[in-house]
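Student: I'm new to this one and I'd like to know what the terms rest on. Can we look at it together?

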Amino acid sequence: MTEQKKIDIPIMADLHSKGKKPEYLFWVGCAGAYDDRYKKVTRAFAKILTYFDVDYAVLGTEETCTGDPARRAGNEMLFQMQAMQVIETFKNYDIKKIITICPHCFNTFKNEYPDFGGNYEVIHHTRFINQLLEAHPGKVNADILKKYNIAYHDPCYLGRANGEYDAPREVISKVASKTLEIDPHKSNALCCGAGGAQMFKEAEPGDREVYDMRTEQALATGADVVATACPFCMTMITDGLKLQKKEDKVKNYDIAELVAMALGI
Amino acid sequence: MMKQIIFAAILLLTLIILGYSFYRIYRFFKLTRPAFKIKDHAQRFNELMRVAFGQSKIFRWPFTGLMHALVFWGFLVITIGSVEMVIDGVAGTHRALGVLGAVYNVIIGSGDVFAVIVLLAILIFLGRRLVMNINRFNGIELRKKSKQDAILALTLIFLLMVSLLGMNMAYVALYESKVWFEGVYPVSRWFSDLFLDGIPYDQLLIVHEVNWWTHILLIFIFANVLPYSKHFHVFTSLPNVYLSRLTPVGKMNTMEDVKTEVEMMMNPEAAQEPPAEELASFGVSDAEHITWKNYLDSLSCTQCGRCTSVCPANQTGKKLSPRKIMVDTRARMKERGPQLLDHGKNADDKKMLIEDFITAEELWACTTCNACVIECPININQPELILEMRRYLVLEQAKAPGELSTMLTNIENNGAPWQYSPEDRMKWSEELFMNV
Ligand code: SF4
Ligand code: SF4
């Protein structure tokens, strides 16, 4: 019988009032906080952090949007106001290391905040998880996911924009026995269609939807799990699976969820 | 002597026309905005070696990549021979670079081999253009002129290679027995035996002269056609790669004038000097708002269409084509530049780059996925310009698509793109259990 333990998520302000300063900020992101599907990923990742005793905290209600969608929608003014506000909050808690579960937040912190004086060590959750698994070998039970053939979809803002192709693949290879490559993948991967603020609007008229095409490419591998590492990719691929009427047979999981499963937590 | 004078006159004419073409373009550059300070020369040099000389990005498409790389490397070697021809032509010398000895043999020998390789590659390219129906060559942005351009350039290169081989063959046949024979000719020697065997000395002299003049005159013509064709990239792609944007592809440029304004809003006391008097217009709506780098990108674009063929929006039938952004930008500057030069800033032809060339529908279809940037063989950055035009639409005209306006309002009011209360940010963590 497995026992259930309640987890309390550490909040930056609480720790601060006790004079404590955690090593990492876990940046949840708007999708991680509000999107019903991605909240599950946030929980899975929080469990992983707890399981490995990571010294972290979240900002909670003090978190706000990084401004990424505003900037990409052309509203530079709004982006910069968000950026300065976030950097101010980070300053209050003397934050140096940030873990994100969203490649868009990751990219914004890493590449765009330095222009406003915000310089941090930014870590995407796939890389962080990979480091945790490497530091604590023998924790995952690869049998749990044995039945799945997993295909990984590269998010544009993790792959092309930031050159991170390996960490997610390494994690998958640690928890599963079979991984498949989508054609095309890595730097050639097709976008899910949601980046650049597309997530928040209807697509322009065309022959078909980008997410539909990408899902078709993923399905062509014969995978029963499409793994993603980005909230927007998750929404799009899930929609694609519905459109292709495959949502019963093929599942879409985030890397964090796969790892939580393989850890049995 | 006569030959030298004629040659020098033609050379001078060529350089004058070429100089004028470059001067025109230089004046257009002066209309553009600043982009970035050019530093990090070591990194730029690396990029030049890897992307330009190593043709690394071209090879993302193995077959055509190899063809193009061979033409490019051939072009480099053969150009040294062309320089020698100019020296010979002006100074009345004969194979002036022959003094280089063994090095010369390598240059001329490989040039001779490359001439045949380039010839074959060009035939394949012509075949692909004329016979095969390749999608990439048929975008709406490719007007008739682009296609004629391509065929004309390929034909010129074809003739250049034929005349080079003709010259080499005649040279081998003429001078083989003589002591002052310079260079090695692995292919032409063989062709010469095959085609020029038994032709008398006088006639060989004529064959050599005709091919020599044809070759050098074709080079002069080609050089002067380039600035007016998509093959201008022969001149601009090396500088363009050297002047690549070095920031990470995911980073979007910070608008400095907005920054000054936002800093003032957030912290009125610390506000430094008031914003510049001149009314800055935000973003790009016309040719004069682009940076020199955007313009260099547009001039360097080879119209190869690799960007468009990997663009998710384009692949799914949307109007956006990153190549079109470059083609239109160049075309608009060609039209707008002279107006601005003749009539000053207020010249108005009732047209703009935005809407009249590039529509909002195209601009809003970009997912900023950067596939085009990664693909472009000469490091052009298309989304940068797309974003600048979106900035114009949003900041100057308040014309974002309705749903995006809602999203922006949500960020402004709730700090999230969706309409949820900031108080609910921790809801995900309620009743969270884990197995132990
Ligand atoms: S960044 Fe925009 S233009 Fe470039 S490939 Fe992606 S969607 Fe197309
Ligand atoms: S922008 Fe680059 S990839 Fe696109 S057509 Fe021009 S040269 Fe080719």
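**How the parts meet**

Tutor: Let's start with the two chains: chain A and chain B bury about 6,400 Å² between them, with 65% of that on carbon and sulfur atoms. Before we go on, this is a predicted model: local features need pLDDT of at least 70, side-chain atom pairs count only at pLDDT 80 or more, and totals for chains, interfaces and linings use all residues. Residues are numbered from 1 along each chain as its sequence is written, chains are lettered from A and ligands numbered from 1 in the order in which they are written, and side-chain values use heavy atoms, with hydrogens and water left out.

Student: What makes an area "buried"?

Tutor: Buried area is the accessible area (1.4 Å probe) that two parts lose on being put together, summed over both. So the figure of about 6,400 Å² covers chain A and chain B together.

Student: How many residues does the contact take from chain A and from chain B?

Tutor: It takes 77 residues from chain A and 63 residues from chain B, where contact means heavy atoms within 4.5 Å.

Student: Why is the pair Asp115(A) and Lys251(B) called a salt bridge?

Tutor: The rule asks for a side-chain nitrogen of Lys or Arg within 4 Å of a carboxyl oxygen of Asp or Glu. Asp115(A) and Lys251(B) meet at 2.6 Å, N to O, so the pair qualifies. Across the interface of chain A and chain B the rule finds three salt bridges.

Student: What about Glu63(A) and Arg425(B)?

Tutor: Their closest N and O atoms are 3.4 Å apart, so this is a salt bridge too. Glu63(A) lies in the loop between β3 (56-57) and α4 of chain A, and Arg425(B) in the loop between α17 (402-414) and β1 of chain B, so the pair joins two chains. Those helices (H or I, at least four residues) and strands (E, at least two) are DSSP runs, numbered from the N terminus.

Student: Which strand of chain A pairs with β2 (residues 24-27) of chain A?

Tutor: That's β4 (residues 97-100) of chain A, in the parallel sense over four bridges. Tyr24(A) has Lys97(A) as its bridge partner. β4(A) also pairs with strand β5 (residues 121-124) of chain A, again parallel over four bridges, and Ile98(A) stands opposite Val122(A).

Student: Where do the domains of chain B come from?

Tutor: Their bounds come from an automatic or database domain assignment, which gives domain 1 (38-229) and domain 2 (256-400). The C-alpha centres of these domains of chain B lie 37 Å apart. The contact takes 19 residues from domain 1 of chain B and 19 residues from domain 2 of chain B.

Student: How much area is buried between domain 1 and domain 2 of chain B?

Tutor: About 1,600 Å², of which carbon and sulfur atoms give 43%. On the domain 1 side, Lys57(B), Arg136(B) and Glu141(B) lose the most area to domain 2 of chain B, together 38% of what that side buries.

Student: And what makes Arg60(B) and Glu375(B) a salt bridge?

Tutor: Their closest N and O atoms are 3.3 Å apart, so the pair passes the rule. Between domain 1 and domain 2 of chain B the count is three salt bridges.

Conventions:
Pairing = 2+ DSSP bridges.
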